[in-house]
Amino acid sequence: MSDSTWFTEQHEHSGSSIGFRVKQQLHSEKTPFQTIEIYDTTDWGKLMVIDGCMMVSSRDNFLYHEMMSHPALFTHARAKRVVIIGGGDCGTLREVLRHDEVEKAVQVEIDERVTRLAEKYFPELCEANNDPRAELLFIDGIKYMAECEPESLDLVIVDSTDPVGPAEGLFNAAFYTSCYKALRHGGILVQQSESPLVHLDLIKSMRLAMKSAGFQAAKTLSFPQPCYPTGWWSCTMVRKGADLAGFRERGAASKQFPTRYYNVDVHRAALALPEFMREALGE
């Protein structure tokens, strides 16, 4: 087939690329923050692309959204107040609100158009948008966290794009300090932390910056993600004033909601690091 029937993202840092066969481009627009495109693919459902980078596909998004939310929620004893920074496609919000103990979940997305396009092209991800526990804000997440009431949150999830452009300020000690102050004792911060295969230096620098902000414990969990560079992704979880030695295994094993990837065994396995990561991260 000709190249025109494929969308390909070239990843210069790893010298690799990922491509999906597409039927047509459904939408393209330049917002004040970024360029958003929507494609209809032959095998992966709808595909959202931001500034040339694949963000979400219908077929594989559950891997990311479930691992960005459930491990942290089953690690915390009872997370009542949750803030999601970014997450404009609303898939992480949907997973968070599967947990009955969550009383309030605020999603802070800087670009409203991401959410409006998700509502149109990925409605299954937006099923919880009208949940009375959900609040959608379209403002700067960095400013929101800096102004957040001290010790008012149980969980902060940073579901952002790569550390460039609007998301660059979400990967430094100043932002992590804001998160630390906003979290209660035992509160958890979890952030997408790119590919362990090619972004290990970023993961190390994130963990150092998080610890410099006051967080005492850190864990990096990896999971498959076919539409992202190398097809392997991670999230890094840190905690205020408590360790991350275990999680509520009985609760995870008896969860009362459906998942497609996450379960108690997957959670347990994700805590085990490959040897090259153990050596690099000092675990």
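His70 touches Glu95, Arg98, His99, Phe257, Thr259 and Tyr262, leaving out residues up to four places away in sequence; contact means heavy atoms within 4.5 Å. The model is predicted, so local features need pLDDT of at least 70 and side-chain atom pairs count only at pLDDT 80 or more, while totals for chains, interfaces and linings use all residues. Residues are numbered from 1 along each chain as its sequence is written, and side-chain values use heavy atoms, with hydrogens and water left out.

**His70 and helix 1**
- His70 is found in helix 1; helices (H or I, at least four residues) and strands (E, at least two) are DSSP runs numbered from the N terminus.
- With a relative accessible area of 0%, His70 is buried (buried is under 20%, exposed over 50%, partly exposed in between, with a 1.4 Å probe and protein chains only).
- The side chains of His70 and Glu95 are joined by a polar contact of 2.7 Å (a pair of N or O atoms within 3.5 Å; within protein, one must be able to donate a hydrogen and the other to accept it, and residues adjacent in sequence count only if both atoms are side-chain atoms).
- Helix 1 (residues 61-75) lies across strands 6, 9, 10, 11 and 12 and runs at about 160 degrees to strand 9 (153-159); axes are lines fitted to C-alpha atoms, for helices over the stretch in contact, and angles run from 0 to 180 degrees between N-to-C directions.

- Seven strands form an open sheet of mixed pairing, in the order 8-7-6-9-10-12-11; two strands pair if DSSP finds at least two bridges between them.
- Strand 8 and strand 11 (217-224) stand at the edges with a single partner strand each, so one side of each has no neighbour in the sheet.
- From one strand to the next, the twist averages 15 degrees.
- Strand 10 (residues 183-192) pairs with strand 12 (residues 232-239) in the antiparallel sense over five bridges, and Met237 in strand 12 is the bridge partner of Val190.

**Helix 3**
- The buried residues of helix 3 (residues 112-121) are Val114, Thr115, Leu117, Ala118 and Tyr121.
- These residues lie on the same side of helix 3 because they cover an arc of only 165 degrees around the axis, taken from the directions from the helix axis to the C-beta atoms.
- Their cover includes strands 2, 3, 4, 7 and 8.

**Asp140**
- Asp140 is found in the loop between strand 8 (134-137) and helix 4 (141-146), and at 34% relative accessibility Asp140 counts as partly exposed.
- The side chain of Asp140 reaches the backbone nitrogen of Ile142 at 3.0 Å.
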